Amino acid sequence: MPIHRSNLGRRSAAAILATVLASAGLALAAPTAAQAATTCTSLTYYKVGGYPGDMHVPTVGWQDGNKTCYLKYGNSNSAVKVLQEALNNCYSQSLRLDGQYGTNTRNAVRYAQGVINDTWSWANIAEDGEYGPQTRAWMGFATFGVNGGPVIPNVCYYPG
């Protein structure tokens, strides 16, 4: 019988803990995509097959290759500038390359999300104006010339 009482005690303790957490508004739930990822702060250069230059993609750190990050309204850094370059070159936007994720950048991301959904109906990404995992998986990025040369007009690459 001690084993039965021990299991009953553990189950009761778990039920009490769950009740206390729920009543305190601290229910255990899986984090959202934005909560699970960190903010993009820099960029990584990726070689693009068939082109002499590089594609620039927002990443967690400089040249770290960690694309598992997000950008949203209020962010201000070089990753935002990379996003703005992609929106201008690949989605015909006319953003000032200032690295500020303001209203214009948010609207341009919404526009790009709409274009992606219209082009690939199965993409089904949220048109929320935030750059996260879904948007990154479908978005095209600008390709630059050799040795950091200027953007190659209308040449976009999709890193997934």
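This briefing covers the nonpolar core, the aromatic pairs and a few residue contacts of the structure above. The model is predicted. Its largest nonpolar core has 24 residues, and a search of the whole structure finds four aromatic pairs. Tyr 131 belongs to both topics: Tyr 131 is among the residues with the most contacts inside the core, and Tyr 131 also forms an aromatic pair with Phe 141.

**Nonpolar core**

- Within the largest nonpolar core, of 24 residues, the most contacts are made by Leu 71, Leu 83, Leu 87, Tyr 131 and Met 139.
- At least two residues of this core come from each of β3 (54-59), α3 (78-91) and α4 (103-119).
- Helix α3 gives the largest share, seven residues.
- In soluble globular proteins, nonpolar side chains tend to be buried together.

**Contacts of Leu 87 and Thr 105**

- Leaving aside residues up to four places away in sequence, Leu 87 touches Ser 92, Gln 93, Leu 95, Thr 105, Ala 108, Val 109, Ala 112 and Met 139.
- One of these partners, Met 139, is itself listed with Leu 87 among the residues with the most contacts inside the core.
- Thr 105 is part of helix α4.
- Thr 105 has a relative accessibility of 2%, so Thr 105 counts as buried, the cut-off being under 20%.
- With residues up to four places away in sequence again not counted, Thr 105 is in contact with Leu 83, Gln 84, Leu 87, Leu 95 and Gln 100.

**Aromatic pairs**

- The search of the whole structure gives four aromatic pairs.
- In the pair of Trp 120 and Trp 138, the ring centres are 5.6 Å apart and the planes stand at 40 degrees, so this pair is tilted.
- Trp 120 lies in the loop between α4 and α5 (133-138), while Trp 138 lies in helix α5, so the pair ties together parts that are 18 residues apart in sequence.
- Trp 120 is partly exposed, with a relative accessible area of 26%, and Trp 138 is also partly exposed, at 23%.
- Tyr 131 and Phe 141 form an edge-to-face pair, with 6.3 Å from centre to centre and 90 degrees between the planes.
- Tyr 131 sits in the loop between α4 and α5 and Phe 141 in strand β5 (residues 141-144), so this pair links parts that are 10 residues apart in sequence.
- Tyr 131 and Phe 141 are both buried.
- One aromatic cluster is made up of Trp 120, Trp 138 and Tyr 158.

**Charge over a ring**

- Lys 67 has its charged end over the ring of Tyr 46, at 5.6 Å from the ring centre.

Technical notes: Residues are numbered from 1 along each chain as its sequence is written. This is a predicted model: local features need pLDDT of at least 70, side-chain atom pairs count only at pLDDT 80 or more; totals for chains, interfaces and linings use all residues. Side-chain values use heavy atoms; hydrogens and water are left out. A nonpolar core is a set of buried Ala, Val, Leu, Ile, Met, Phe, Trp, Tyr and Cys residues joined through side-chain atoms within 4.5 Å. Buried means under 20% relative accessible area, exposed over 50%, partly exposed in between (1.4 Å probe, protein chains only). Helices (H or I, at least four residues) and strands (E, at least two) are DSSP runs, numbered from the N terminus. Contact means heavy atoms within 4.5 Å. Rings of Phe, Tyr and Trp (its six-membered ring) pair if their centres lie within 6.5 Å; planes under 30 degrees apart count as stacked, over 60 as edge-to-face and the rest as tilted. A charge sits over a ring if NZ of Lys or CZ of Arg is within 6 Å of the ring centre and within 35 degrees of the ring normal.
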